[in-house]
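Hello,

Here is the structure you will be taking over. Please look through it first; notes on what was found follow below.

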Amino acid sequence: MALQSDSELEAGDAAPDFELEGADGETHTLEEFADSEALLVVFTCNHCPYAEAKFDLLNELADEYDDVSVVGINPNDAEEYPEDSLEKMREYVDDGTIRYDAYLRDESQDVARAYGAVCTPDPFLFSREDGTFRLVYQGRLDDALNPEDEPTRFHIREAIESVLADEDVDLEWQPSQGCSIKWADDE
């Protein structure tokens, strides 16, 4: 079942801090992306068909924009969903399926809660303003609402282009759509 995100964060809010283990074996923090003009944080996972359908787009964004860091964060309960384990994440990075700037594991799920993420994929785009990442867009990556749909409009590209041109992001924040985050404490 597809869920829609209704984030807790609002335009202009600072990006919640994080310190998470990456699929590369390193620990990554929000601070390490401070040189980027923009930061795209996408709550995602390995097994959700909605998330899988966006792997290529996120890889392209990471390759295309030198001034934008693309960070995937996987918060799913890996005990119930072993496909979302850190080991599987490493396999996806090692075989080139995922080529984001960082693919991180939110084992405690605290970071997903801090951002108000509810589904995979759930993207948050931040612009660096006076050394702080501020939320400028939260919503759909593109207009393909189902995994098998071909997108005709890429909302996230429009938002990134606006940030890099030092313009306001003038997009309606339509809720992202995907599989629900698999919370560890859900019954």
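The largest pocket is lined by Glu37, Ser127, Arg128, Glu129, Val136, Val163, Leu164, Asp166, Glu167, Asp168 and Val169. A pocket here is an open set of points on a 1 Å grid over the protein atoms alone, where a 1.4 Å probe fits, with protein on both sides within 12 Å along at least five of seven lines; lining residues have an atom within 4 Å of a point.

This is a predicted model: local features need pLDDT of at least 70, side-chain atom pairs count only at pLDDT 80 or more, and totals for chains, interfaces and linings use all residues. Residues are numbered from 1 along each chain as its sequence is written, and side-chain values use heavy atoms, without hydrogens and water.

Strand E8 (122-129) and helix H5 (155-164) each supply at least two residues of that lining; helices (H or I, at least four residues) and strands (E, at least two) are DSSP runs numbered from the N terminus. E8 gives the largest share, three residues.

There is also an open sheet of seven strands, in the order E3-E2-E6-E5-E4-E8-E9, with mixed pairing (two strands pair if DSSP finds at least two bridges between them). Strand E3 (27-29) and strand E9 (132-138) are at the edges with a single partner strand each, so one side of each has no neighbour in the sheet. Strand E5 (residues 68-74) and strand E6 (residues 102-105) pair in the parallel sense over four bridges. Within this pair, Gly72 has Tyr103 in E6 as its bridge partner.

Regards
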